[in-house]
Amino acid sequence: MIRTATRREYLMCPPAHFDVTYSINPWMDPGVPVDRTRATAQWTRLCETYRQLGHTVHLVDPVPGLVDMVFAANCGLVLDSLVYGARYRNVERAPEAPAYRAWFTAAGFPSVRPPEHVNEGEGDFAVTRDLVLAASGFRTDPAAHGEAQEFLGRPVVSLCLTDPRFYHLDTALFVLDDDTVAYYPAAFSPGSRRALAHLFPDALLASEADALALGLNSVSDGANVVVAQAATDLIAQLTARGYRPVPVDLSELAKAGGGAKCCTLEIRR
Ligand code: ARG
């Protein structure tokens with residue numbers, strides 16, 4: 001099977017102020033020190049990887065004190081140049097929302113919406129050709145799913161996450177190409193699992209070990225899949241299906257519960 005890559009446009013934020021100073025998910029332990037130099041080297045590698053694959057990467061200025069701002073995926077959902085902004089669940093991250101919206105406004109996006117309902121952007125939204133997959137359970141309010149559908153004009157499918165280790169949709173599922181996804185079924189409620197099986201009969205199903213390696217926090221351009229290097233079974237499955245895994249090490253950022261996808265917001269014009 002020949003896979004076709006399409007050029008992507010991403011927004012990222014350097015981890016200049018990255019740290020774990022509070023705990024809002026089970027991965028975060030403020031007692032475990034963070035090596036910011038190492039985090040920066042890993043993040044820089046990720047950024048260079050995208051550029052080498054031919055993608056465009058924009059950078060937003062990091063704000064002092066916002067230790068999780070490196071996780072750009074949470075700042076919104078961008079489709080047809082419409083920017084559905086984030087509203088963070090936790091007060092610690094709340095100031096990230098206006099900082100990111102300001103970037104989009106300055107970059108000339110005509111419609112930048114401060115949302116009414118709590119939602120953590122692409123942390124809990126994923127886009128296939130026809131659908132927006134949306135999660136609730138830990139962060140995003142289900143009311144935001146309807147708000148996103150109304151604003152973006154795309155059908156939104158609501159899913160429910162049930163395992164706190166997989167607190168955002170992008171820790172449990174990623175979009176491989178226009179019609180297929182990869183996911184870890186046990187992260188979802190029984191009804192959500194059946195809905196996913198119905199929508200994506202050919203989905204790649206990942207193991208718990210691969211999910212815990214943040215292997216589902218991957219970024220695919222339709223052919224190349226930037227994936228956590230520790231997710232070895234997933235990497236083998238991707239290869240078997242004709243994708244080209246591009247392994248990356250973001251172990252320092254994993255101390256905050258984030259991987260490659262968390263650091264990457266896709267801009268869809
Ligand atoms: N520490 C951050 C939080 O818990 C990590 C966010 C990771 N981002 C993501 N898209 N999953 O909010």
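Reader: Which order do the strands of the open sheet have?

Author: Strands of a sheet pair through backbone hydrogen bonds, either parallel or antiparallel. Here the open sheet of three strands runs in the order β12-β13-β14, with mixed pairing. Its edge strands are β12 (219-220) and β14 (244-248), each pairing on one side only. Strands are DSSP runs of E, at least two residues, numbered from the N terminus, and two of them pair if DSSP finds at least two bridges between them. This is a predicted model, in which local features need pLDDT of at least 70, side-chain atom pairs count only at pLDDT 80 or more, and totals for chains, interfaces and linings use all residues. Residues are numbered from 1 along each chain as its sequence is written.

Reader: How many bridges join β12 to β13?

Author: Two bridges join β12 to β13 (residues 224-228), and these strands run antiparallel. Serine 220 lies opposite valine 225 of β13.

Reader: Are the residues of strand β3 buried or exposed?

Author: A residue is buried if 20 or more other C-beta atoms, placed from the backbone, lie within 10 Å of its own. In β3 (residues 76-79), Gly76 and Val78 on one side and Leu77 and Leu79 on the other are all buried.

Reader: With which strand does β3 pair in the antiparallel sense?

Author: β3 pairs with β4 (residues 82-85) over four bridges. Leucine 79 has leucine 82 in β4 as its bridge partner. Two residues separate the strands of this hairpin, where aspartate 80 takes a positive phi near 50°.

Conventions. Buried ≥ 20, exposed ≤ 12 C-beta atoms within 10 Å, placed from the backbone.
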